[in-house]
Amino acid sequence: VRCQHYPPLRALQASAALRRASDEHKKEPLTSSSQQHFDPPPAGHQPEQEPQGPRPSYTGQGGQESEDYESEEQLQHRILTAALEFVPEHGWTAEAIAEGAKTLGLSVAAAGMFHSDGSELILHFLSECNAKLSELLEKEQKLVQLGEAEKKPIDEFLRHAVEARLRMLIPYIEKWPQALSVLLLPRNIPSSLNLLTSMIDDIWHYAGDQSTDFNWYTRRAVLTGIYNTTELVMMQDSSPDFEDTWRFLENRVADAMTMSNTASQVQSTGEAVVQGLMGAAVTVSSAETSRAVR
Amino acid sequence: MAAVLLWRCRCWALLSRPAGRLWARRGLATEPEMHFGFQTVTEEERREKIYQVFESVAKKYDIMNDSMTLGIHRVWKDILMHKMNPSPGTLLLDVAGGTGDIAFRFINYVHSVQERQLQRKLKHHQNLSWQEIFESYQKDKFNSLGDSQVVVCDINREMLKVGKQKAQHLGYSEGLSWVLGNAEELPFDNDKFDVYTIAFGIRNVTRIDLALQEAYRVLKPGGRFLCLEFSHVSNPLLSRLYDLYSFQVIPVLGEVIAGDWKSYQYLVESIRRFPPQEELKAMIEDAGFFKVDYENLNFGIVAIHSGFKL
């Protein structure tokens, strides 16, 4: 049936048919939060999600049609998710995306929708990891609120969160250096920076940070530094289960804690020193005055 | 200039309505009018004339391409191939592919990708015995193209003949087939091909919408439509220079090199008659393709349109 003569129902007909046919193999649709990060839905696409004008009557089973409605972005997400499985073998490349498209029953040419250097695949993976981390932290927070678990001290919480997030990289660790270099391309820097900062923000939020002063910035900067350096250490760590990395992480977090203590100590010492000097100045000046008076 | 534009708009309007309704509106007993260059002809006449044009230019087609575009057409076709970025195992349908330029490039590209993959695989397996290495070479020798195939389809027998001769001459034998067919009515089943290309051919198709519908039909879900075609230059200065070159130089070259002024006059006129980038994009979307986009090459002298069957 060709629908070209009517204001087109822009459902993705071909892929919808494929999905209906292979429903048992369908992967779960991704959370919508992953869409916001790097896929600004262009305004021109909105009409594709609703029918233009009145629905033609031959789609009388309107309910069924609307279930199969899938926008281009959702299809792209499905392809990228399927492609992740092939990354250890092919790397973060268009080949992995082509293999992913094949498993969904689409032609390998569908990989042409994405950039040939695999940037979208990496960004997609990152936003998925961040979403998983948020879920995990949310669950743990609930447990604490229900009183079923102890509230962790800050340094242990940070360690746990960063470790959990870095562990998600383990299946792809061999090709991750390639991914990092792609993320540094000027084209990708805004999106990757965005994802990184939102992840750090999330961690601090669940750690209970409610600061409204300059501390907010210092905390995030410090944690970003810890995360990035630990990630780099992990790249060339060959110890069993990355023990060296976790120990490095522990040391960095401890350093950060000490530094913040030291900072407040320095501040109070500085204040004390200043007060002492002021007192000395007052004493000297009053001694002068009294001598002058005499 | 205005008269030409008016003519063009009228012809374009005629093209986009079905024939029957046009007849009823005009109350005339004539067939729908189409453009052939700057002339007005009927559909049948147009098909015939175009067939004759390509029949006469077939033997000198490649030489003329090189001299008219100063060899730049090779770069355009290479860019098209790069954009396609085919992986081994891709099935390509090259419509109006006549002398096989796109097909040969496709074969070369896939071959080099396959070799690179093989090298990467071998690098990984560092500790293979000589026997295993020997066997892996044997296995891949038989499908040096990795099951990729290209079907060249053209409506014109002469162009296909020239293409086959070229293939033999250059040594292309595997993964290549030549089919006589009309772009408006392809002799293939539904959902067969991964990529459909039409390079400098869609301008000569009489019913572009039918060709686009056929393209949609024969592509697999997820398949890609690519169209390389002359298009409109928006920069006014460049447009003037381009017009000058097209109308003064090209027909002369045609006469001198191929002995055929009229065919090359038709060529430059048909470029002016062809819808501009945005219109063609709308037509491709109407046929059902998604993510339709175009890329201008050389400021719009040539444009690559791309769409996906999703």
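Author: Two residues are said to be in contact when heavy atoms of theirs lie within 4.5 Å. By that rule, in this predicted model, 25 residues of chain B are in contact with 27 residues of chain A. On the side of chain B, the residues that lose the most area to chain A are B:Phe290, B:Lys291 and B:Leu310, which together account for 31% of what that side buries.

Reader: What makes the meeting of B:Arg120 and A:Glu95 a salt bridge?

Author: A salt bridge asks for a side-chain nitrogen of Lys or Arg within 4 Å of a carboxyl oxygen of Asp or Glu. The side chains of B:Arg120 and A:Glu95 meet at 3.4 Å, taken from N to O, and the pair is therefore called a salt bridge, since 3.4 Å falls within the 4 Å limit. The count between chain B and chain A is one salt bridge, while five residue pairs, both members at pLDDT 80 or more, are in polar contact.

Reader: Which elements of chain B supply at least two residues each to the side that touches chain A?

Author: They are helix H6 (101-124), strand S6 (193-199), helix H9 (208-218), strand S7 (219-230), helix H12 (277-286) and strand S8 (290-297) of chain B. S7(B) gives the most to this side, with five residues. Sorted by kind, the residues of the side of chain B that touches chain A comprise eight nonpolar, eight polar and nine charged ones.

Reader: What helices and strands does each chain have?

Author: Chain A has 13 helices and zero strands, whereas chain B has 12 helices and nine strands. As for burial, 38% of the 294 residues of chain A count as buried, and for chain B the share is 50% of 310 residues.

Reader: Why is A:Phe86 called buried?

Author: A residue is buried when its relative accessible area is under 20%. A:Phe86 has a relative accessible area of 14%, and so it is called buried. A:Phe86 sits in the loop between helix H5 (72-84) and helix H6 (87-90) of chain A. Apart from its neighbours within four places in sequence, A:Phe86 is in contact with A:Gly91, A:Ala96, A:Glu99, A:Gly100 and A:Thr103.

Reader: What does the side chain of B:Asn156 reach?

Author: The side chain of B:Asn156 reaches the backbone oxygen of B:Tyr51 at 3.1 Å and the backbone nitrogen of B:Glu158 at 3.0 Å. A polar contact needs N or O atoms within 3.5 Å, and both distances meet that limit. Setting aside neighbours within four places in sequence, the residues in contact with B:Asn156 are B:Tyr51, B:Phe54, B:Glu55 and B:Leu180.

Reader: Why does B:Thr90 count as buried?

Author: At 2% relative accessibility, B:Thr90 is under the 20% limit and so counts as buried. B:Thr90 lies in the loop between helix H5 (72-84) and strand S3 (91-95) of chain B, and its side chain reaches the backbone oxygen of B:Ser87 at 2.5 Å. Beyond its neighbours within four places in sequence, the contacts of B:Thr90 include A:Val108 of chain A, and also B:Phe106 and B:Asp194.

Reader: What makes the phi of A:Asp241 worth a remark?

Author: Most residues other than glycine have a negative phi. A:Asp241 is not a glycine, yet its phi is positive, at about 55 degrees. B:Asn85 also has a positive phi, near 45 degrees, and is a residue other than glycine. B:Asn85 is found in the loop between H5 and S3 of chain B, and its relative accessible area of 31% makes B:Asn85 partly exposed.

Methods
Residues numbered from 1 in each chain as written. Chains lettered and ligands numbered in written order. Predicted model: local features only at pLDDT ≥ 70, side-chain atom pairs only at ≥ 80, totals over all residues. Heavy atoms only, no water. Helix = DSSP H or I, 4+ residues; strand = E, 2+ residues; numbered from the N terminus. Buried < 20%, exposed > 50% of the residue type's maximum accessible area, 1.4 Å probe, protein only. Buried area = accessible area lost by both parts, 1.4 Å probe. Polar contact = N/O pair within 3.5 Å; in protein donor to acceptor, adjacent residues only side chain to side chain. Nonpolar A, V, L, I, M, F, W, Y, C, P; charged D, E, K, R; others polar.
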